[in-house]
There are 2 protein chains.
Amino acid sequence: MGIEGNGTIATPDRDISRVLIGLADRFGERVSTNPAVRQQHSSQLTWLTGQPPDAVVFPESTEEVSEIVRICATERVPVIPFGAGSSFEGHVNAPYGGVSIDLSRMKKVLSVNAEDLDCVVQAGVTRNELNEHLRDTGLFFPIDPGADASLGGMAATRASGTNAVRYGTMRENVIAVTAVMPNGDIVRTTRRARKSSAGYDLTRLLVGSEGTLGVMTELTLRLSPIPEAIAAAACPFPTVGSACDAVIATIQSAIPVARVELLDEVTVKAVNQYSGLALAETPLLLLEFHGTPDGVAEQSRRFEEIAKEVGGGPLTWSAKQEDRSTLWKARHDAYWACVALRPSARPIPTDVCVPISRLAECVEETKAEIQRLGLIAPIVGHVGDGNFHVQPLVDMTNPEEIETVRRFVGNMVERAISMDGTCTGEHGIGQEKIKYLRLEHGDATISLMQLIKRAVDPDNIMNPGKMLEATR
Amino acid sequence: MGIEGNGTIATPDRDISRVLIGLADRFGERVSTNPAVRQQHSSQLTWLTGQPPDAVVFPESTEEVSEIVRICATERVPVIPFGAGSSFEGHVNAPYGGVSIDLSRMKKVLSVNAEDLDCVVQAGVTRNELNEHLRDTGLFFPIDPGADASLGGMAATRASGTNAVRYGTMRENVIAVTAVMPNGDIVRTTRRARKSSAGYDLTRLLVGSEGTLGVMTELTLRLSPIPEAIAAAACPFPTVGSACDAVIATIQSAIPVARVELLDEVTVKAVNQYSGLALAETPLLLLEFHGTPDGVAEQSRRFEEIAKEVGGGPLTWSAKQEDRSTLWKARHDAYWACVALRPSARPIPTDVCVPISRLAECVEETKAEIQRLGLIAPIVGHVGDGNFHVQPLVDMTNPEEIETVRRFVGNMVERAISMDGTCTGEHGIGQEKIKYLRLEHGDATISLMQLIKRAVDPDNIMNPGKMLEATR
């Protein structure tokens with residue numbers, strides 16, 4: 001089992017072979033050291049170098065995860081939780097080697113409590129699987145990052161998506177978490193009550209912790225009633241600024257818009273080509289309104305008035321379910337549509353988030369830099385949250401271009417932070433953004449995060465090399 | 001300055017007099033060791049024995065709070081944050097003596113960012129003061145515990161109130177926190193972006209931490225647009241169960257009710273007497289709907305249909321602002337109305353929270369026990385959240401009755417926990433509920449909380465004796 005670490009850092013003071021033997025004894029064929037399997041369990045989607053783990057284990061229960069962590073802990077071998085592998089920031093990489101815990105066999109929906117609008121799931125269930133399971137209940141789980149990510153992975157990165165402006169992010173929609181801590185202890189953070197003032201909010205400490213404190217194995221999730229009526233629309237604007245102004249006015253008017261997505265003209269063009277649509281190739285908002293039939297009609301009418309006032313419109317309505325599905329499928333396919341703009345290149349999706357009053361300025365300055373540098377870098381935004389994504393398409397054979405894009409991402413992050421924003425709205429820190437975390441929060445706040453990390457995980461075995469610089 | 005600790009526990013290994021001299025040198029008349037002032041800064045509202053601090057300091061800025069904490073830390077003298085003193089669970093008591101940091105001079109609203117629907121305030125601003133300040137902006141801050149509490153205190157106890165079913169609690173409405181940590185470090189947890197995936201959620205670690213990790217000195221708060229139209233109503237029900245059924249159906253139907261408060265018949269009677277109303281003396285829901293004029297009319301109509309189906313109604317509408325104010329003032333005065341039921345007794349407000357599907361059962365069983373024990377104990381509930389309050393009126397000269405009520409509270413907590421609920425929905429743990437925190441969460445979860453507490457506050461100077469059992 002003497003596997004060479006592909007780009008991993010040597011850690012001679014621990015005996016990985018003892019751990020691999022222990023895991024094989026206990027889990028048999030559910031442990032793999034196959035190079036292809038290990039490769040699949042490293043970062044594959046962006047420019048980050050894939051750093052495979054030494055082995056992959058496939059547990060089926062919280063108790064089994066606890067056993068795995070205990071076995072790894074004996075030799076201080078790193079533990080890397082793996083959901084669907086759809087992270088953009090290298091969360092699943094194993095820079096120090098170790099054991100990837102693949103939760104894809106933990107697919108049980110343990111309970112659906114329709115009266116309480118909640119459910120309990122194992123962490124390997126994906127968002128689409130959950131919604132499929134909920135089909136006949138009149139309820140749905142609204143958080144929708146682009147990929148069909150696992151709910152555990154979504155919790156780990158505090159994911160959100162197009163519905164967050166109305167329904168919140170994983171922060172608001174995870175009620176409780178069961179997690180395995182670095183010593184193997186199984187912790188349930190809280191119970192099923194909708195609110196509580198009983199002790200530290202361990203749920204939200206784990207949500208967004210990127211696997212650096214423990215492995216989340218079960219989640220209690222808040223569900224929402226499927227709205228009686230839904231209307232979707234596309235609305236062109238002369239500028240990104242006017243589109244943002246319309247969104248600010250919409251939110252200030254308490255119009256409970258469910259989705260409001262900005263596509264820049266580059267993305268619209270890509271989407272038209274890829275999905276065979278004929279959307280106006282200007283900055284565009286895609287919208288969705290949820291409510292009663294009358295309520296949706298009223299929201300739509302009021303939005304249309306606001307859009308007109310800032311020079312936007314006309315709206316194109318998608319009243320029929322098929323048309324709506326086409327529109328939102330096109331939005332979720334924007335990633336692939338943009339990839340198709342430069343098929344030989346690799347897409348490097350990155351995101352920042354700013355107070356919405358600064359969004360237009362932040363997007364416009366970013367677009368100006370894209371133009372100045374001659375990059376192909378489409379922009380889409382969850383504009384109701386002030387969150388936007390840029391997806392530079394990079395020729396990975398051209399070191400100079402790679403370096404240019406790296407600087408561009410850095411500039412974008414610094415711009416967002418200078419506007420009281422954050423270096424990531426929903427992708428997480430992972431490996432590449434560790435340096436920006438300090439820039440964003442400052443030394444005292446980073447020290448507090450490190451203090452917590454060291455207290456909970458003194459041997460730094462939980463997803464090391466992610467989110468925080470190691471302090472020992 | 002050799003003050004006797006009234007009921008405080010002796011801690012001979014530190015020199016409080018050095019700290020008091022240091023504080024007096026730096027803060028002059030803004031330090032008080034006056035017995036009356038110290039007494040005011042101990043728990044006064046319930047049956048808990050008041051445990052005054054050794055001194056009270058009145059800082060005016062985050063930097064001054066940092067100086068105070070540094071001075072206290074030199075001798076490991078406890079620091080007890082004090083807002084408006086409206087806690088029911090002894091949070092402001094000083095069981096080990098120490099210095100009360102009274103934030104009531106930190107009253108600045110530092111910024112209102114109307115386009116972003118947020119503001120930044122010093123922690124001593126109260127909720128009514130903030131809403132008064134926001135008067136001309138079209139925005140409001142929705143969280144409304146009964147008292148005009150300080151926003152810092154509300155954050156510390158993860159407070160909520162009547163609007164939480166629609167607008168969330170302090171957990172959802174605090175965007176960022178500036179806090180002074182036990183070593184005097186000033187930490188800002190995050191920036192003003194509406195969402196972020198950048199690092200541990202320190203905001204929510206501090207919200208609800210009851211002053212045991214640090215002193216919150218500034219808060220960035222989420223604001224909401226004042227709804228265009230508001231309608232309020234009272235609706236009687238034959239039983240608590242039917243009232244809860246109506247609320248469950250309302251929420252499942254995605255009717256965005258803004259307030260839905262349950263009053264049991266004992267409370268209704270008290271409120272009628274105290275506020276001169278003529279509400280039906282049965283289990284009663286007080287409701288409020290927010291939205292556009294059409295939207296509110298539709299919500300109200302739909303609720304009325306649901307209520308009728310379970311035997312509730314008729315609704316009495318309060319369309320006019322004055323009538324609405326009367327109704328909600330009566331609700332917020334329910335505490336005093338209930339006190340008036342037995343003027344010689346002391347009210348002991350306590351709260352639990354359960355999944356809403358168990359609420360009727362939990363309330364009914366609690367009422368049955370009240371009857372069995374012959375207590376006077378009115379019940380009000382934030383029923384949309386599954387949260388309810390019982391307010392036994394206790395003859396403090398009767399030790400047997402005190403003991404009976406203490407057992408009753410314990411039974412109520414155990415009942416809530418057995419229903420997957422929590423020992424407190426919004427009051428916090430403080431002193432009395434420490435034992436129930438362990439019952440609710442179990443040993444592994446409590447150990448994790450203690451681990452975090454010890455890491456952040458190794459000398460246990462931040463509000464010691466609250467929330468968690470000390471481990472050293």
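Two residues count as in contact if their C-beta atoms, placed from the backbone, lie within 7 Å. By that rule, the contact between the chains takes 76 residues from chain B and 76 residues from chain A. This is a predicted model, where local features need pLDDT of at least 70, side-chain atom pairs count only at pLDDT 80 or more, and totals for chains, interfaces and linings use all residues. Residues are numbered from 1 along each chain as its sequence is written, with chains lettered from A and ligands numbered from 1 in the order in which they are written.

**Chain B's side of the contact**
- α17(B) supplies the largest share of the side that touches chain A, with eight residues; helices here are DSSP runs (H or I, at least four residues), and strands are E runs of at least two, numbered from the N terminus.
- This side divides into 31 nonpolar, 26 polar and 19 charged residues (Ala, Val, Leu, Ile, Met, Phe, Trp, Tyr, Cys and Pro count as nonpolar, Asp, Glu, Lys and Arg as charged, and the others, Gly among them, as polar).

**A helix pair in chain A**
- α9(A) (residues 240-252) and α14(A) (residues 359-373) have axes that come within 9 Å and cross at roughly 160°.
- The two helices are therefore roughly antiparallel (angles over 145 degrees).
- A:V240, A:G241 and A:C244 in α9(A) meet A:L359, A:A360, A:V363 and A:E364 in α14(A).
- By class, this contact has five nonpolar residues, one polar and one charged.

**A glycine in chain B**
- B:G168 sits in the loop between α6 (164-167) and α7 (170-173) of chain B.
- B:G168 counts as buried because it has 21 C-beta neighbours inside 10 Å (the cut-off is 20 or more other C-beta atoms within 10 Å).

Methods: Axes are lines fitted to C-alpha atoms, for helices over the stretch in contact, and angles run from 0 to 180 degrees between N-to-C directions. Angles under 35 degrees count as roughly parallel, over 145 as roughly antiparallel, 65 to 115 as roughly perpendicular and the rest as oblique. A residue is buried if 20 or more other C-beta atoms lie within 10 Å of its own, exposed if 12 or fewer, and partly exposed in between; C-beta atoms are placed from the backbone.
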